[in-house]
Amino acid sequence: MPDEAARGAAKVESYRCSNTDCNALERFPRYGDVWALLQSRRGRSGEWANCFSMLCRAVGGRVRWVWNAEDYVWTEVYSEQQRRWIHVDACEEAWDNPRLYSEGWGKNMSYCIAFSIDGATDVTRRYVRNAASHGIERNRCPEEVLMFITNEIKRMRRESMLKDERKRLLIEDEREERELRGFVVHALAAEIGKMLPTGRNEGDRNGGGEEIKVPEQAARRSGAQAWREARGENGGDDTGRDRPSREGH
């Protein structure tokens, strides 16, 4: 409908009630406009991530919207104190827990791309620490093409910025790249540690030799349990209680 399109609804889903006595048809516009979402108060992860990201920006926060190729989205906010991007999932009430999806939900992922006003970044290594266990083949395009595209988006978004601002963002990019590479090194060290005769996992130790405690990951909380199981996001835990669903009906 024209009014739905005007409010950013790229598509409209239709659902019919399974109760044969009702058989009512329900329209579910997938609004992209945040103001329309605040009025409708209906959506899935994408809509909630849009609203949360907007609210973060409204109070002065720097925000990235993270798209996952396997049908999920979430938010990252930048911490000036920690000088890094932090994972936030408003639907799951999760803060700084990037291993939640792969190690908690049991979700296998290929691409996780973060988009912001400053550009685009492939952050898959933050969310898929062990590609052998939780990764999916990345075959949508060659890796060098993906890198070119994300770099081109950054260039376009930053070309009108002042030189000092571009330099600051470049330093942030380099710091994040070191962080992402560190995740790969940590995962390789963990796998090598499992092969040691002592069985000691060297990958879960810091530079001082102290063991790093990895928090236990939880299965998905949002959505009905049958729906989570159908998507393979229940983490193999059938004891979790259902929460009120934020999914469209």
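The side chain of T75 makes a polar contact with the side chain of S53, at 3.1 Å. That's a handy place to start with this structure, which is a predicted model.

**Around T75**

T75 sits in strand β4, which covers residues 72–79. Is T75 buried or exposed? With a relative accessibility of 2%, T75 counts as buried, because the cut-off for that label is under 20%. Leaving aside residues up to four places away in sequence, T75 touches A49, F52, S53, V63, R64, V66, I86, H87 and V88.

**Helix α3 and N50**

Next up is N50, found in helix α3 (residues 45–58). Once residues up to four places away in sequence are set aside, N50 touches G32, V34, L37 and W65. Y31 is 19 residues from N50 along the chain, and the C-alpha atoms of the two are 9.9 Å apart.

**Helix α8**

Helix α8 takes in residues 163–194, 32 residues in total. Several residues of α8 are buried: L169, E172, D173, E176, L180, F183, A187, A190 and G193. Where do these buried residues pack? Their partners are strands β3 (63–68), β4, β5 (84–89) and β8 (119–122), along with helices α5 (124–127) and α7. Strand β4, one of those partners, is also where T75 lies.

Helix α7, another element that the buried residues of α8 pack against, runs over residues 143–158 and holds I149. I149 has 40% relative accessibility, so I149 counts as partly exposed. Together with V145 and F148, I149 makes a nonpolar surface patch of about 270 Å².

Here are the two residues with an accessibility value, side by side:

| Residue | Relative accessibility | Class |
|---|---|---|
| T75 | 2% | buried |
| I149 | 40% | partly exposed |

**The chain as a whole**

Stepping back, the secondary structure of the chain comes to nine helices and eight strands. Of its 249 residues, 39% count as buried. The chain exposes about 14,900 Å², and carbon and sulfur atoms supply 54% of that area. As for contacts between residues at least 6 apart in sequence, 48% join residues at least 24 apart.

Definitions and conventions:
Residues are numbered from 1 along each chain as its sequence is written. This is a predicted model: local features need pLDDT of at least 70, side-chain atom pairs count only at pLDDT 80 or more; totals for chains, interfaces and linings use all residues. Side-chain values use heavy atoms; hydrogens and water are left out. Patches are made of residues with over 30% relative accessible area and no salt bridge: like charges are joined within 9 Å, nonpolar side chains (Val, Leu, Ile, Met, Phe, Trp, Tyr) within 5 Å. Accessible areas come from the Shrake-Rupley method with a 1.4 Å probe; for residues, only the protein chains shown count as cover. A salt bridge is a side-chain nitrogen of Lys or Arg within 4 Å of a carboxyl oxygen of Asp or Glu. Helices (H or I, at least four residues) and strands (E, at least two) are DSSP runs, numbered from the N terminus. Buried means under 20% relative accessible area, exposed over 50%, partly exposed in between (1.4 Å probe, protein chains only). A polar contact is a pair of N or O atoms within 3.5 Å; within protein, one must be able to donate a hydrogen and the other to accept it, and residues adjacent in sequence count only if both atoms are side-chain atoms. Contact means heavy atoms within 4.5 Å. The expected span of a helix is 1.5 Å times one less than its number of residues.
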